[in-house]
Amino acid sequence: EGNPFIQELQRKSAANKEATQRDARNAYYMKNYPDFFATVGKNMVKKPDGSFVLVSDEELLELKQANKVTIENARAMGGKVADLTQK
């Protein structure tokens, strides 16, 4: 409780809480939603600000041809590890 090392770890953890939650949420989205949307002809694209948008197959093709999108692999463990079990 009064241990300075533990207090420092708690301070760092609190400072990183929002980023950790965002990374975990993005990892969940990337792992679970792309296949669902693909069944209805939509593709999930992550924007530079970290939000996601759905685009049609035709729109995705145009974005790829204009080099405006890149492939990002799903990640596990809150976004820390590449999840190679996913497509």
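**What share of the 87 residues in the protein is buried?** Buried residues make up 14% of them, where buried means under 20% relative accessible area, exposed means over 50%, and partly exposed is in between (1.4 Å probe, protein chains only). A quick note before the views: this is a predicted model, in which local features need pLDDT of at least 70, side-chain atom pairs count only at pLDDT 80 or more, and totals for chains, interfaces and linings use all residues. Residues are numbered from 1 along each chain as its sequence is written, and side-chain values use heavy atoms, with hydrogens and water left out.

**View 1. The whole protein, element by element.** Here you can pick out 3 helices and 4 strands. Helices (H or I, at least four residues) and strands (E, at least two) are DSSP runs, numbered from the N terminus. Start at the N terminus and the order reads α-α-β-β-α-β-β. The accessible surface comes to about 7000 Å², and carbon and sulfur atoms own 53% of that; these areas come from the Shrake-Rupley method with a 1.4 Å probe, and for residues only the protein chains shown count as cover. As for contacts (heavy atoms within 4.5 Å), take those between residues at least 6 apart in sequence: 29% of them join residues at least 24 apart.

View 2. Met44 sits in strand β1, which covers residues 42-46. With 18% relative accessibility, Met44 counts as buried. Which residues touch Met44, leaving aside its neighbours within four places in sequence? They are Tyr29, Met30, Tyr33, Pro34, Phe37, Phe52, Val53 and Leu54. Take Leu54 from that group: Met44 and Leu54 are 10 residues apart in sequence, yet their C-alpha atoms are 4.7 Å apart in space.

**View 3. Asn26, tucked into helix α1.** Look along helix α1 and you'll come to Asn26. Is Asn26 buried or exposed? Its relative accessible area is 10%, so Asn26 is buried. If you skip residues up to four places away in sequence, Asn26 touches Lys46, Gly50 and Phe52. Phe52 also turned up in the previous view, as one of the contacts of Met44.

**View 4. Two charged pairs.** Side chains of opposite charge can pair when their charged atoms come close. The structure holds 2 salt bridges, a salt bridge being a side-chain nitrogen of Lys or Arg within 4 Å of a carboxyl oxygen of Asp or Glu. One of them links Glu8 with Arg11, with the closest N and O atoms 2.6 Å apart. Glu8 and Arg11 are separated by about one helical turn, because they are 3 residues apart in helix α1. Glu8 is partly exposed at 31% relative accessible area, and Arg11 is partly exposed at 48%. The other salt bridge joins Asp23 and Arg22, where the closest N and O atoms are 4.0 Å apart. Both partners are partly exposed, Asp23 at 34% and Arg22 at 37%.

**View 5. Two patches on the surface.** Patches are made of residues with over 30% relative accessible area and no salt bridge: like charges are joined within 9 Å, and nonpolar side chains (Val, Leu, Ile, Met, Phe, Trp, Tyr) within 5 Å. The nonpolar patch is Phe5, Ile6 and Leu9, which share about 290 Å² of accessible area. Phe5 belongs to helix α1, running over residues 4-32, and Phe5 is exposed at 55% relative accessible area. Glu58 is part of helix α3 (residues 57-65) and, with 54% relative accessibility, counts as exposed.

View 6. Most residues other than glycine have a negative phi. Asn67 isn't a glycine, but it has a positive phi of about 55 degrees. Asn67 is also exposed, with a relative accessible area of 69%. Lys68 is in this loop too, and exposed at 63%. Where does Lys68 stand relative to Lys47? The two are 21 residues apart in sequence and 10.0 Å apart in space, C-alpha to C-alpha.
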